[in-house]
Amino acid sequence: MARQKAQQKAQEPAQEIRYPLLVYRVLGKRYRSPAILLIIMGIVLLLPSFISDLENEQVEPAALAGVGGVLILVGLAFWLFSRLAIKHSYVQANPDLLVIRTPFYRLLVSYRRISHAKSVKVSNLYPAESLKGMGKPLMRPLLGMTAVELVVKSWPAPKRRLRRFLSEFMFSTRDEAWVFIVPQYSRLMNQIDASVQGKASQRRGTSTQYEDPFERLKYYDN
């Protein structure tokens, strides 16, 4: 009985794990506090329209309500981005394709485009002294981590366009490579390596299969 269970477990497909992209998780957390503050401020500005004791003689309640409505909408937009960045930004090594998901962008990468994966210290790619603007507070908690540097043979879209839609900290500064700052980086590397090798084995097996000479004629049909 135990042997049957072990065999069934071995035959089950490997679990497809979603590894959260920590760059977006940190970014999402940074947007959460401003989102809450804007929503609260918007509600406060709406109150004079419903409570006469809070009316201000210098500003009409309707004007305050208009500003409050705008603040609430902006706050909700920030909150939505925060939730998407934290919950729906990940890398997933599916058997057939590598999935890269960010709040508003989803990319499917063929394993044929991948050369190899290696580990790298985040601080080696993005030294603290080189960070500017929002990059400093965004990357500060991640500099001590180890990331996956995924060297590619080619990009699934023009690299310049990818940079417009994805964080600059998902691209290596020293090679043509993706950078995935994720928990359990070694597990992700192993899954990617296994998928790359599996696809390569499938291609070699297909190319070495015998094909009847008459069947080959189909390649020359017009």
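Helix 2 and helix 3 run roughly antiparallel to each other, so that's a handy place to start in this predicted model. The label follows from the angle: anything over 145 degrees counts as roughly antiparallel, and helix 2 (residues 22-46) packs against helix 3 (residues 61-87) at about 160°. Their axes sit 7 Å apart, and the crossing is left-handed.

Now for the strands. Strands of a sheet pair through backbone hydrogen bonds, either parallel or antiparallel. Here we have an open sheet of three strands in the order 5-6-7, and the pairing is antiparallel. Strand 5 (114-121) and strand 7 (177-180) are the edges, each pairing on one side only. Going from one strand to the next, the twist averages 25°.

Zoom in on strand 6 (residues 146-152) and you'll find four bridges, in the antiparallel sense, linking strand 6 with strand 7. One to look up in the viewer is Val-151, whose bridge partner in strand 7 is Ala-177.

Is Lys-121 buried, partly exposed or exposed? Its relative accessibility is 40%, so Lys-121 counts as partly exposed. Setting aside neighbours within four places in sequence, Lys-121 is in contact with Gly-144, Met-145 and Thr-146. Take Gly-144: Lys-121 and Gly-144 are 23 residues apart in sequence, yet their C-alpha atoms are 7.1 Å apart in space.

Conventions:
Residues are numbered from 1 along each chain as its sequence is written. This is a predicted model: local features need pLDDT of at least 70, side-chain atom pairs count only at pLDDT 80 or more; totals for chains, interfaces and linings use all residues. Side-chain values use heavy atoms; hydrogens and water are left out. Axes are lines fitted to C-alpha atoms, for helices over the stretch in contact, and angles run from 0 to 180 degrees between N-to-C directions. Helices (H or I, at least four residues) and strands (E, at least two) are DSSP runs, numbered from the N terminus. Angles under 35 degrees count as roughly parallel, over 145 as roughly antiparallel, 65 to 115 as roughly perpendicular and the rest as oblique. A crossing is left-handed if the near helix is turned anticlockwise from the far one by less than a right angle, and right-handed if clockwise. Two strands pair if DSSP finds at least two bridges between them. Buried means under 20% relative accessible area, exposed over 50%, partly exposed in between (1.4 Å probe, protein chains only). Contact means heavy atoms within 4.5 Å.
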